[in-house]
Amino acid sequence: YGQRSYVDIFNSHTFPCDSEATTLDINICSGEKFDFADSLLNRLYKNILQGIDKEIASDSKQLTELQKLKIKNKESESNIDVLIKEIDFDKRLKQSIIKSQVQWIKLRDANSEVVAINCEGGTGCTAEINSGLLEDTLLRIKQLEAFYYVYD
């Protein structure tokens, strides 16, 4: 998707079910919207991790090449130090993003449980739950997109 925001992709997507009027149809449609947003989030998350992995691989390759040269001068030692720091940074960043995503999923699910209990027994409860999941997912996409643009 290049530099196009995943939220913009979601917002420009046409859902055939948008014109539905019955409660059942609205409940189903809300699930389709959440599923689409969730697929965008998953793609974004995967792209971020793959981008970081590419940076690590590239820096590791450069580091190995520099170390093979066995040239010992201030410039080569400085370049080696920089690459080691960049690799460490990217590894820590990747682990932090993974940890953040795991915690976010727990929070999203807990929020969804609150909504479910609050609307229990209502005919539109499914749509209300899905709407909350959708809102949380679109917000998470916005939070992660800054990383995507760095590693795209």
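Is Thr 23 buried, partly exposed or exposed? Thr 23 is partly exposed, with a relative accessible area of 37%. Buried means under 20%, exposed over 50%, and partly exposed in between, using a 1.4 Å probe and protein chains only.

The model is predicted: local features need pLDDT of at least 70, side-chain atom pairs count only at pLDDT 80 or more, and totals for chains, interfaces and linings use all residues. Residues are numbered from 1 along each chain as its sequence is written, and side-chain values use heavy atoms, with hydrogens and water left out.

**View 1. Thr 23 and its contacts**. Thr 23 lies in helix α2. Helices are DSSP runs (H or I, at least four residues), numbered from the N terminus. Beyond its neighbours within four places in sequence, Thr 23 contacts Thr 123 and Gly 124. Contact means heavy atoms within 4.5 Å. Leu 139 is 116 residues from Thr 23 along the chain, and their C-alpha atoms are separated by 26 Å.

**View 2. Ser 30 in helix α2**. Ser 30 is buried, with a relative accessible area of 11%. Neighbours within four places in sequence aside, Ser 30 is in contact with Thr 126, Ala 127 and Asn 130.

**View 3. Helix α2 against helix α3**. Helix α2 spans residues 23–69 and helix α3 residues 74–118. They pack at an angle of about 160°, with axes 9 Å apart. Axes are lines fitted to C-alpha atoms, for helices over the stretch in contact, and angles run from 0 to 180 degrees between N-to-C directions. The two helices are therefore roughly antiparallel, a term for angles over 145 degrees. The crossing of α2 past α3 is left-handed: the near helix is turned anticlockwise from the far one by less than a right angle. Residues of this contact divide into 17 nonpolar, five polar and nine charged. Asp, Glu, Lys and Arg count as charged; Ala, Val, Leu, Ile, Met, Phe, Trp, Tyr, Cys and Pro as nonpolar; the others, Gly among them, as polar.

**View 4. The largest nonpolar core**. This core has 27 residues. A nonpolar core is a set of buried Ala, Val, Leu, Ile, Met, Phe, Trp, Tyr and Cys residues joined through side-chain atoms within 4.5 Å. Phe 10, Ile 97, Leu 138 and Ile 141 have the most contacts inside it. Helices α1 (6–12), α2, α3 and α4 (125–151) each supply at least two residues. The largest share, eleven residues, comes from α2. A second, separate core of five residues includes Phe 34, Cys 119, Cys 125 and Ile 129.

Key. Angles under 35 degrees count as roughly parallel, over 145 as roughly antiparallel, 65 to 115 as roughly perpendicular and the rest as oblique.
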